[in-house]
Amino acid sequence: MPQTPHTEQHFTGSETVRDVVIGMSDALTVPFALAAGLSGAVASSGLVLVAGLAEVAAGSIAMGLGGFLAARSDAESYRSELARERQEVKELPEIETEEVREIFSGYGLQGDALEQATQAVISNLDSWVQFMMRNELGLEEPDPSRAPKSALTIGGSYVLGGLIPLAPYVFGWPIGEALRISVIVTLLALAVFGAVKALFTGVSVVGSALQTTLVGGLAAGAAFLIARAVSGLGVS
């Protein structure tokens, strides 16, 4: 009887999704809080828009640069560990061989099967080192293009997310109306973002949506109240 081929589908874009989450989560919170705070202190939608766009520009650059440096740091750390592991395999082969046996033993191999698997790994220096990097240290070689990709993804996500709470201020509406629309649009965006993020992380969709919405709402509310209180004191 013919069998249907078994095809496994795994999500492989975890790094890109992580970068999008980093950029969007901050972008839907920080510019939103800034716009809400300014709306509680000034009467000009144009001023809120200009300040918000300046923050989005600065934030996207800072976040993108942070992602670039983090990816570069990961690559440098991997190269350092790789050189150290290669040196240990050359200088301490007996100890490293025993570590290979322990790893395979953890998977249930015993006797001749254990020795055959061990000898197969240590028979090639490069394969041996890569085996130890993955199975002893839990490290995978980073993508050489990871740093610029991460910078662009995080920075671009920050720009896209940051424009959402600022969009209502583009039309020059009264500050109160612009703020109300910004709150509605941004809270909806936060809920959708939280739900979509949950699909990739495996957590509760409803819980994630509520969490992101609550965090963004609290940040914006706090900024608005503080700005209103400070402006009421006549501080300029």
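In this predicted model, Asp143 is partly exposed, with a relative accessible area of 37%. Its side chain meets that of Lys149 in a salt bridge, with 3.6 Å from N to O. Lys149 is partly exposed as well, at a relative accessible area of 48%. This pair belongs to a set of nine salt bridges that the structure holds.

Before going further into those pairs, the confidence of the model deserves a look. The protein chain has a mean pLDDT of 83, and 92% of its residues reach 70 or more. Among the parts of the chain, helix α7 has the highest confidence, at 92, while helix α9, residues 205-232, has the lowest, at a mean of 80. Over residues 1-12 the pLDDT stays under 50, and the model has two contacts beyond four places in sequence for this stretch.

Arg86 and Asp126 meet through their side chains at 3.0 Å, N to O. Arg86 sits in helix α3 and Asp126 in helix α6, so that this pair links distant parts of the chain, 40 residues apart. Arg86 is partly exposed, with a relative accessible area of 26%, and Asp126 counts as partly exposed at 45% relative accessibility. Another bridge runs between Arg101 and Glu115, whose closest N and O atoms are 2.8 Å apart. Because Arg101 lies in helix α4 and Glu115 in helix α5, the pair ties together parts that are 14 residues apart in sequence. Arg101 has a relative accessible area of 21% and is partly exposed; Glu115, at 32% relative accessibility, also counts as partly exposed. Elsewhere, Arg18, Asp19 and Arg146 are linked in a network of salt bridges.

Helix α5, which carries Glu115, can be followed residue by residue. It covers residues 111-122, twelve in number, and reaches 17 Å from its first C-alpha to its last, close to the 16 Å expected at 1.5 Å a residue. Which residues of α5 are buried? They are Leu114, Ala117, Thr118, Val121 and Ile122. Seen down the axis of α5, these buried residues fall within an arc of 125 degrees, so they line one face of the helix. On the face of α5 turned away from the buried side are the exposed residues Asp112, Gln116 and Ala120. The cover over the buried residues of α5 includes α4, residues 93-106, and α6, residues 125-135.

Tyr169 shows how parts of the chain come together: leaving aside neighbours within four places in sequence, Tyr169 is in contact with Ala35, Ser39, Ser45, Val48, Leu49, Ile175, Ala178, Leu179 and Ser182. Val121 is one of the buried residues of α5.

Conventions
Residues numbered from 1 in each chain as written. Heavy atoms only, no water. Contact = heavy atoms within 4.5 Å. Helix = DSSP H or I, 4+ residues; strand = E, 2+ residues; numbered from the N terminus. Expected span 1.5 Å × (residues − 1). Buried < 20%, exposed > 50% of the residue type's maximum accessible area, 1.4 Å probe, protein only. Arc of directions from axis to C-beta. pLDDT = per-residue confidence, 0-100. Salt bridge = Lys/Arg side-chain N within 4 Å of Asp/Glu carboxyl O.
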